[in-house]
Amino acid sequence: MQKSDYKSRALVNAEQLLPGNQTFTSITNDIAGVPEQKKTPIQWWLLFGLALSLLGVFAGSLGYLIWEGTGIWGINMPVAWGWAIINFVWWVGIGHAGTLISAILHLFRQNWRNAINRFAETMTLFAVICALVFPGIHIGRIWVAYWFFPLPNQMGMWPNFRSPLIWDFFAVFTYFTVSLLFWYTGLIPDLATLRDRAKTSLRKKVYGFFALGWRGGNRQWQHYELAYLVLAGISTPLVLSVHSVVSSDFATSVIPGWHTTIFPPYFVAGAIYSGFGMVMTLSIIARKVYNLDHIITLEHLDKMAQIMLLTGCMVGYAYAMEFFVAWYSGNPYESFAFVNRALGPYWWGYWAMIFCNVVVPQFFWFTKYRRHIPFLFITSILVNIGMWFERFVIVVITLHRDFLPGAWAMYSPTIWDVAIYLGTFGLFFTGFLLFLRFLPMVSIAEAKLVLPESNPHHGDDH
Amino acid sequence: MANYGIIAKFESPSALLHAAEKVRDSGFTNFDCHSPFPIHGMDEAMGLKRSKLGFIIGAMGLTGALFGFGLQTWVHLVEYPLNISGKPYFAYPAYLIITFELMVLFSAFGAVFGMMFLNKIPRFNHPVFYSDKFSDVSSDAFYISIELTDPIFDENKTKSFLKEIGGTDIEVLSDEN
């Protein structure tokens, strides 16, 4: 009785996640077929052209920034942290969903992640690169960015390890390195598949080089699986630590509105929320362009929407709790900071955030909306707009009016703030589109594990 | 022209698993089961011991943590004591974050490079690649390979044994040059 229940569950699961009687061969052909396409789809070229133009904007504005200095930005006292920090936190946050999908859902044995984890990990990689740009450039003298590293030098100077800003550097640097290793380890068996299917000698050599001579023997899988499991295990506390450390850049200061203990969990929830928004946007585009509706299914989108609902409610709770604590603390500066967020001169930023992050995900209570693709596409973008405004609220609205009215001022960005931000999209999408073109966007080996026949005990009686 | 071993193809993950049990029970030690994805229960079926990778990762993690904590302590107490608002030099709670990050970083290096070390990769030439059909193993084929260096290897006996336990497409791996 119990046995037949289990079997039917495995079959039902496979039917929803990989519909249409798939086999091991058809999975390989479908996924590996994309980077093997002779003719690149015209949509790819259009998107790539757009991405390259934005990358040009990025290079140009970055060049001018290095030449002229951070004076070209809109920052001034009291808002000395402008778009650079907003964008840094925003991009790092987007990256977090990738690690959540690949590591935490792996530990919880959530098989549905197998169709989107490669995708999400790649997103993490490029999002963290975009994020790392900002601390690099906001220091002003970019040519001494290596001072972040604790390197012995002729000046005999060392970083101050008691500062959250250096914690941040270590956290994000470690995060990038571990994400890269995790991503590459997951790719090794798939690179071997591409090597074995390669038609030209160049492809065979390049894929073969990166596949490291993988043979798929169980003596290799044994160590490989353990390495993968441990990477998932250490990425889980890592991803929670990264955004907690990012939040401590703010929370360890004494500015009203920043000096709160709710920041670490609130930042982590927001990060996962925005990251799932980005995974949703990208996977809806990719499944459309490459006809992968049967690999990235409605079931996957539905599950992602459920996670967005959960994390959206968590940030909504945090927004409410911040207000409650500001009132309950009895501290007039703290109360003022929050009233100023909702009713001050930047009220539109605050309400844009509330609308996108708290109101919009409430539709995900209903199955109808979780499975409506145009609706999901629009909301996934709104979520990321909302999360950008959240960081705007935290950075700009908090700083522009602190203790003494004499020190208050308004902030507005310049064209260069906007250009560098838009430019990072060029960096992100150029990398991401090259990935879609040359590497399997779904893990070939892991997608097969969803099929019931991949489990040798399927249909056995013992 | 030199021989290296024999490969045989099997139908499905469960056929491969049951064949592996029989190969193990016949006393072969130098054999491997190749599949497009890891197969649950294969380690026991092949009689493999637990992976030693955990020890490498543990040692690397500990090294990272000690290095991180040691570096910060040494910098702030010995090499470059920096007085900021009279705060303590040995601020060990503040050191924990970088200690943790370096522990994770070193463990990740241990996991990936330790895995490569134990798997003896990168290794680009291997006798199994002499077979043309073997390349299907990364898509949908399941193979057992038994190497010549196995103490009880005998070309004809091993061939018929593999056939007996359900292997097809039996091929002797030999270097064509």
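Ile6(B) stands opposite Ile146(B) in β3(B). This is a predicted model, in which local features need pLDDT of at least 70, side-chain atom pairs count only at pLDDT 80 or more, and totals for chains, interfaces and linings use all residues. Residues are numbered from 1 along each chain as its sequence is written, while chains are lettered from A and ligands numbered from 1 in the order in which they are written.

**The sheet of chain B**

- Two strands count as paired if DSSP finds at least two bridges between them. Strands (E, at least two residues) and helices (H or I, at least four) are DSSP runs, numbered from the N terminus.
- In general, strands of a sheet pair through backbone hydrogen bonds, either parallel or antiparallel.
- The open sheet has four strands in the order β2-β3-β1-β4 (chain B), and their pairing is antiparallel. At its edges are β2 (31-34) and β4 (168-174) of chain B, each pairing on one side only.
- On average, neighbouring strands of this sheet are turned by 20° against each other, direction ignored.
- Helix α1 (residues 13-25) of chain B lies across β1, β2 and β3 of chain B, and runs at about 20° to β3(B). Axes are lines fitted to C-alpha atoms, for helices over the stretch in contact, and angles run from 0 to 180 degrees between N-to-C directions.

**The domains of chain B**

- The assignment for chain B gives domain 1 (3-36 + 141-174) and domain 2 (53-119); such bounds come from an automatic or database domain assignment.
- The centres of these two domains, taken over C-alpha atoms, are 46 Å apart.

**Where the chains meet**

- 53 residues of chain A are in contact with 58 residues of chain B. Contact here means that the C-beta atoms of two residues, placed from the backbone, lie within 7 Å.
- On the side of chain A that touches chain B, α2 (24-33), α6 (164-197), α8 (218-251) and α16 (444-448) of chain A each supply at least two residues. The largest share, 16 residues, comes from α8(A).

**A helix pair in chain A**

- Helices α10 (residues 298-328) and α11 (residues 332-343) of chain A pack at an angle of about 145°, with their axes 7 Å apart.
- In this pair, Glu322(A), Phe323(A), Ala326(A) and Trp327(A) of α10(A) meet Glu334(A), Ser335(A), Ala337(A) and Phe338(A) of α11(A).
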